[in-house]
Amino acid sequence: MSVVAKATYFWRSAAVGLRHSPFVHFIAVTTIAIALFSAGMARGAARVLDNLLASLGGEVEVTVYLSPEMGEDEVHGMRTRVEEVSAGQVTVVPPDAALTRLRTELGDLGDALAELPENPLPATLELRVPPEKRNPAALQALAKDLRAMPGVSGVDYGEAAVERLTAIARALRFGSLVAFVVVLGATVIIVAATLQLAIYARRGEIEIQKLVGATDRFVKAPFLLEGLLQGLMGAGVALLGLWAFGHVLGPTLGQLFAFLLGPGVGAAWVEPRLALELVGAGCGLGLGGSFVAVGRFLRV
Amino acid sequence: MIQFFHVYKAYPGDPPVLSDINLNVEKGEFVFLTGPSGAGKTTLLKLIFCAEKATKGQILVGGRNIARIRESAVPYLRRNIGVVFQDFKLLPHRTVEDNVSFTLDVLGVPRAEAREKVRRMLKLVGLEHKADSFPLRLSGGEQQRVVIARALVNDPTILLADEPTGNLDPALTVEIMDLLTQVNVRGTTVMVATHDATLLARYQKRTVRLERGEIVSDEDGVKAARRMVAG
């Protein structure tokens, strides 16, 4: 028995199968392509969302209020300790600077501050949190540590805004995951159904193969190859679509929404890793669909 | 070569298709299976190439008990059995050569070697000039000869034919039966299911008669032919 002869036969048979039922295979390839294109778009959207979160997270600042009795040296000592605890960047805002800033923010009402006998504002430390700590849990823990430090009278970090933002991001991710699973399941079903039509058209051939001594694996192999080829073609079409989207619409979207979404939207939508993942997913969908479809025609 | 020991075949809710079948077919023998429609001839043949499983009893093919054969071993058994059907079962979109080559494709025989074997087999059945034709362009007798070529191209030890001349006129019937006899002379064990009494009289081979799923007679060719003439 020649392995080469068998392999040649499988590929020839798969090519004949694709040629004999072009419409059925066109539907399967299109279905896979739409599913993979959607997955690629979801991945791109997730990246944009990450950029958005990172940029908004960058705005999150923790303000540490110090005791009014603290001298200048003590304030600078506190700055060093806070930098050590948070691993972030700390800016010292002396009481005078804080008062000036408040006067500016109050506008016309700011003149009233001149009537005060003395500056009531304490020195503050403005902490720019590193990216890995820009989430509610880490910020909460950091605030707790800072509050426990001697000389700290209060800590504020816009808790509610951070939690809301993170909840929105979590909901979006979960929603897209559910949608992806549903699309994936639907794709396998559609691919299996269309392949069953193609296999049904060749049931006579399968029957004769079985009668002359073909094993189940031998009968299945060309159909699995057909599924694999469909998956590859579907992935190719999806990648082409993503590339076209990235080149045609990406730059326009990038210009329109750069103020909100950051630079990610204009970046390449087809990266090598994504391309590999989509090709792998396409092969999986094609193989899975044909595996489901061919099983029921083997009993002769 | 083929032995049946108290074999039964029944489908749930129906009377048995085969009852207490005991049969021994020697290597190189030619056996007619005869009887009216529904007597169980086709089922008996199907049991031999494992298209059906016996409900009870033992069947030995080439010394192997196929009543207990694993599903995965069935293809390997079938490679030693050629099967010819009344309705031909040819692939209409493939040429005669490709139809005959189909058996060798399954075995992974290299293309050049397969082509050589197919040409030789088509010569044996007298169709070497039709290698590139499509089955639907051939007469019924020619189509049946293609099926016989497909069944024999792998040199099986057993050839089973289920009403091989059922769709053919008398002249083509003789042509096909002569071919099967020729195959038998070359050493292949041949079992032919038929209800055509003229064939039994003409070829005078061992004849096993089934009625309502039971063997009612098992006679050598001369005796069976005499009975046909007398009856």
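## The sheet of chain B

Two strands count as paired when DSSP finds at least two bridges between them. The model described here is predicted. In chain B, four strands build an open sheet in the order β2-β1-β4-β5, with antiparallel pairing. Its edges are β2 (18-25) and β5 (64-65) of chain B, each of which pairs on one side only.

Strand β1 of chain B covers residues 2-9. Five bridges tie β1(B) to β2(B), and the two run antiparallel. Helix α1 (residues 41-48) of chain B lies across β1, β2 and β4 (56-61) of chain B. Against β1(B), helix α1(B) runs at about 120°.

## A helix pair in chain B

Two packed helices are described by the angle between their axes and the distance between the axes. Here the pair is α3 (residues 96-107) and α4 (residues 111-124) of chain B. Their axes come within 9 Å and cross at roughly 120°. The crossing of α3(B) past α4(B) is right-handed.

Which residues of α3(B) and α4(B) meet? From α3(B) come B:Val96, B:Glu97, B:Val100, B:Ser101 and B:Leu104. From α4(B) come B:Ala114, B:Lys117, B:Val118, B:Met121 and B:Leu122. By class, this contact has seven nonpolar, one polar and two charged residues.

## Nonpolar cores

In soluble globular proteins, nonpolar side chains tend to be buried together. The largest nonpolar core in this model has 72 residues. Within this core, B:Leu33, B:Val100, B:Ala149, B:Leu159 and B:Leu160 touch the most other members. Helix α5 (residues 140-152) of chain B gives the most to the core, with six residues.

B:Leu33 reaches well along the sequence. Neighbours within four places aside, B:Leu33 contacts B:Lys41, B:Leu44, B:Met191, B:Val192, B:Ala193, B:Val208 and B:Leu210.

## Chain A: overall layout

Chain A has ten helices and four strands. Starting at the N terminus, its elements run α-α-β-α-β-α-β-α-β-α-α-α-α-α. Of its 300 residues, 29% are buried. Among contacts in chain A with a separation of 6 or more, 85% join residues 24 or more positions apart.

## The sheet of chain A

The four strands of this open sheet take the order β2-β3-β1-β4 in chain A, with antiparallel pairing. Why is one side of β2(A) and of β4(A) left without a neighbour in the sheet? β2 (89-93) and β4 (152-156) of chain A stand at the edges with a single partner strand each, so one side of each has no neighbour in the sheet. On average, neighbouring strands are turned by 20° against each other, direction ignored.

Now take the pairs in turn. β2(A) and strand β3 (residues 124-128) of chain A run antiparallel and share five bridges. In this pair, A:Thr91 stands opposite A:Glu126 in β3(A). Five bridges also join β1(A) to β3(A), again antiparallel. There, A:Tyr65 stands opposite A:Thr124 in β3(A). β1(A) and β4(A) pair in the antiparallel sense over four bridges. A:Thr63 has A:Asp156 in β4(A) as its bridge partner.

## Helices on the chain A sheet

β1(A) has a covered face, made of A:Val62, A:Val64 and A:Leu66. Its uncovered face holds A:Glu61, A:Thr63 and A:Tyr65. Helix α3 (residues 72-86) of chain A lies across β1 (61-66), β2 and β3 of chain A. Helix α3(A) runs at about 155° to β2(A). Helix α5 (residues 136-147) of chain A lies across β1 and β4 of chain A, at about 165° to β4(A).

## Where the chains meet

How many residues of each chain are in contact with the other? The contact involves 16 residues of chain A and 16 residues of chain B. On the chain A side, α1 (3-20) and α7 (203-211) each supply at least two residues. α7(A) gives the largest share of that side, five residues. By class, the chain A side divides into nine nonpolar, five polar and two charged residues.

Definitions and conventions:
Residues are numbered from 1 along each chain as its sequence is written. Chains are lettered from A and ligands numbered from 1 in the order in which they are written. This is a predicted model: local features need pLDDT of at least 70, side-chain atom pairs count only at pLDDT 80 or more; totals for chains, interfaces and linings use all residues. A nonpolar core is a set of buried Ala, Val, Leu, Ile, Met, Phe, Trp, Tyr and Cys residues joined through C-beta atoms within 7 Å. A residue is buried if 20 or more other C-beta atoms lie within 10 Å of its own, exposed if 12 or fewer, and partly exposed in between; C-beta atoms are placed from the backbone. Two residues are in contact if their C-beta atoms, placed from the backbone, lie within 7 Å. Ala, Val, Leu, Ile, Met, Phe, Trp, Tyr, Cys and Pro count as nonpolar, Asp, Glu, Lys and Arg as charged, and the others, Gly among them, as polar. Axes are lines fitted to C-alpha atoms, for helices over the stretch in contact, and angles run from 0 to 180 degrees between N-to-C directions. A crossing is left-handed if the near helix is turned anticlockwise from the far one by less than a right angle, and right-handed if clockwise.
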